[in-house]
Amino acid sequence: HAAPVYEHPLFQDMGYVFVPGTLDPFSKVSSVNQLYACAAIANLLLRERLKDWADKSAGYFQSAAQETTEGGERVKKELIKWCDVKEDADVFQQLQWTTLKKHSRSIEKLVRSYRNDPSRLLDISRNSIIFESVGDLANCLSLMTEDDTVCLERVKNRMSHEYKSSETGGYRDVCVNIRMCSRECKA
């Protein structure tokens with residue numbers, strides 16, 4: 001059977017339609033400004049998904065509290081569990097949402113790695129959820145794979161036994177590149 005076709009009201013007079021799951025070779029991102037405009041909107045939609053995943057998987061977000069030093073040593077920022085803050089407007093204001101990638105870093109990646117092709121930049125909107133256990137992380141990853149509003153494009157599993165954490169000072173995480181594919185994003 002045929003895939004559904006969506007007509008966006010702004011483009012009906014031009015006959016523009018969107019068929020989910022198909023690539024449109026004529027709509028390739030051609031400028032960093034275009035990419036950042038799309039990323040700003042996608043970031044807002046992604047933030048809503050993050051809240052839902054964190055709620056269902058005991059996830060934490062960073063607080064906006066400034067890092068301090070005590071006796072020359074840095075004190076880590078506080079983490080706030082989403083299920084504890086979602087109904088409390090005062091505490092919600094303390095959350096630290098990440099910003100889009102700096103333009104200078106994007107330009108650097110374009111020149112060094114992507115032959116000036118902005119359509120290859122993947123991580124303009126960057127966010128994170130922090131977990132107390134690997135089980136909570138696995139639960140969140142499962143929620144992501146089942147979520148039909150996002151498409152998982154790439155997963156870097158730095159928790160794997162094969163990952164050489166000695167090369168990153170012991171740091172480990174799971175990095176997921178997501179493409180927003182909800183109807184709101186496609187509009």
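The lining of the second largest pocket divides into 3 nonpolar, 5 polar and 2 charged residues. Here Ala, Val, Leu, Ile, Met, Phe, Trp, Tyr, Cys and Pro count as nonpolar, Asp, Glu, Lys and Arg as charged, and the others, Gly among them, as polar. The model is predicted: local features need pLDDT of at least 70, side-chain atom pairs count only at pLDDT 80 or more, and totals for chains, interfaces and linings use all residues. Residues are numbered from 1 along each chain as its sequence is written, and side-chain values use heavy atoms, with hydrogens and water left out.

The second largest pocket holds about 210 Å³ of space. It has 10 lining residues, and Q62, K77, Q96, T98 and S128 are the closest to its centre. A pocket is an open set of points on a 1 Å grid over the protein atoms alone, where a 1.4 Å probe fits, with protein on both sides within 12 Å along at least five of seven lines; lining residues have an atom within 4 Å of a point. Grid points are joined across faces, edges and corners, and the volume is the space filled by probe spheres set on them.

The structure holds 11 salt bridges. Each is a side-chain nitrogen of Lys or Arg within 4 Å of a carboxyl oxygen of Asp or Glu.

| Salt bridge | Closest N and O atoms |
|---|---|
| R49 with D52 | 2.9 Å |
| E108 with R112 | 3.2 Å |
| E153 with R179 | 2.7 Å |

R49 and D52 both lie in helix 1 (residues 32-56), 3 residues apart, about one turn of the helix. Helices (H or I, at least four residues) and strands (E, at least two) are DSSP runs, numbered from the N terminus. D52 is partly exposed, at 22% relative accessible area. Buried means under 20%, exposed over 50%, and partly exposed in between (1.4 Å probe, protein chains only).

E108 and R112 sit in helix 4 (residues 103-113), 4 residues and about one helical turn apart. E108 is partly exposed at 31% relative accessible area. R112 counts as exposed at 67%.

E153 is partly exposed at 46% relative accessibility, and R179 is partly exposed at 44%.

Salt bridges that share partners also join R49, D52, K56 and D147 into one network.
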